[in-house]
Amino acid sequence: MSCNWVPRLGVGFAMVVATAGAAAAAEVNVYTYREQPLIQPIFDQFTKETGIRVNVVFSNKGLEERIRAEGAASPADLFIAVDAAILEKAKAMGIGQPIKSAAVDKAVPAQFRDHDGTWVGLTYRARIFYVSKERVKDTSLTYADLADPKWKGKLCVRSGQHPYNIALIASMITHLGPDKTEAWLKGFKQNLAAKPSGNDRSQVKAVYSGECDIGVGNTYYYGLMATNEKEPEQKEWAKSVRVVMPTFASGGSHVNISGALLAKNAPNRDAALKLVEFMVGGEAQKLYAELNFEYPVVAGVAPTPLIADLGKLEADKASFAEIAKNRTKASELVDKVGFDDGPGS
């Protein structure tokens, strides 16, 4: 999606009329990688309840670099990303500042917040297995099982270099170290049914068509497929699989987050903090879960029933900062073992 400002009085934004003698209407400027349909309703509700106008830049790349290039003159108040590694990168670039809010600290568990408060998680999802209901009876699989020879020729996954898989491999390095992770990745490669290709939905389609028995993907794709009216064949893909929540040896499933970083030079800092507090409130968390089929970070707010019915998810407690540090090594291992060349190479 192109990067542009949404007009201040455009569709979906409330018109705020200043009272006589009052200052200009409050506003907050957001740069976000989250797609517009998946977050705009939350901004609309915030404006409706507070009168604070939300101006948004939507893009799929380069926003953290843009904020840094804009420097002290940047209009950005909040930066929203859909990957913890991007939030860590933005923090390392020095474009953030601590989110000092007792409400945020109370609402969001520590594992979903940066240790010094520069960013805070908004939702999370897990990297799970989509297994054939007909051909796979084991429901207690672990990530280690991806390298078990009994699954030779039975696995399918998108490119190892895709950020979703790099995050998973970086998590394995966090748990096992690079040498054991390399051995695991080699075993995983030899169990593939074909060269990695497509996207996460493609893996579920491959299970449906019998090309493989286990596909690796993110949890929210189940909801997106099961409710897809434009491409109803995806509903059949979803019906053909069972979701298994794999775990590490120490317990917990690999998760990643969407989150918000408070910009270092935020011109509307107070309004930005109000928006962050709103987004981690119960109402917005429920709406977020419905829009994205992701898990709310706030305890007590349930995911949408379609996702809740997939089973209990226990999030791995490994540090997102540590996982982010291991991403470069993860990418190197993917190339070293020739993962994307497929089995037998």
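Is Tyr-220 buried or exposed? Tyr-220 counts as buried, because its relative accessibility is 9% and the cut-off for buried is under 20%. Keep in mind that this is a predicted model.

Let me stay with Tyr-220 for a moment. Tyr-220 sits in helix α8, residues 220-226. Setting aside neighbours within four places in sequence, Tyr-220 is in contact with Arg-125, Tyr-164, Asn-292, Phe-293 and Glu-294. With Tyr-164 there is also a polar contact: the two side chains are joined at 2.7 Å.

Next, Tyr-221. Tyr-221 is in helix α8 too. Tyr-221 has a relative accessible area of 11%, so this residue is buried. Again leaving out neighbours within four places in sequence, Tyr-221 is in contact with Tyr-130, Arg-158, Tyr-164, Asp-200 and Arg-201.

Now to the aromatic rings. How many aromatic pairs does a search of the whole structure find? The search finds 11. Here are two of them.

Take Phe-112 and Phe-320. Their ring centres are 6.5 Å apart, and their planes meet at 35°. That angle makes the pair tilted, because stacked needs under 30 degrees and edge-to-face needs over 60. Where do the partners sit? Phe-112 is in the loop between α4 (102-107) and β4 (119-132). Phe-320 is in helix α13, residues 320-325. The pair therefore ties together parts that are 208 residues apart in sequence. Phe-112 is buried, at 4% relative accessible area. Phe-320 also counts as buried, at 8%.

The second pair is Phe-129 with Tyr-143. This one is edge-to-face, with 5.9 Å centre to centre and 85° between the planes. Phe-129 lies in strand β4, and Tyr-143 in the loop between β4 and β5 (155-156). Here the parts tied together are 14 residues apart in sequence. Both partners, Phe-129 and Tyr-143, are buried.

One last item: a cluster. Which residues do ring pairs link? They link Phe-112, Trp-119, Tyr-124, Tyr-295 and Phe-320. So Phe-112 and Phe-320, the tilted pair, belong to that cluster.

Key
Residues numbered from 1 in each chain as written. Predicted model: local features only at pLDDT ≥ 70, side-chain atom pairs only at ≥ 80, totals over all residues. Heavy atoms only, no water. Phe/Tyr/Trp six-rings, centres within 6.5 Å; stacked < 30°, edge-to-face > 60°. Helix = DSSP H or I, 4+ residues; strand = E, 2+ residues; numbered from the N terminus. Buried < 20%, exposed > 50% of the residue type's maximum accessible area, 1.4 Å probe, protein only. Contact = heavy atoms within 4.5 Å. Polar contact = N/O pair within 3.5 Å; in protein donor to acceptor, adjacent residues only side chain to side chain.
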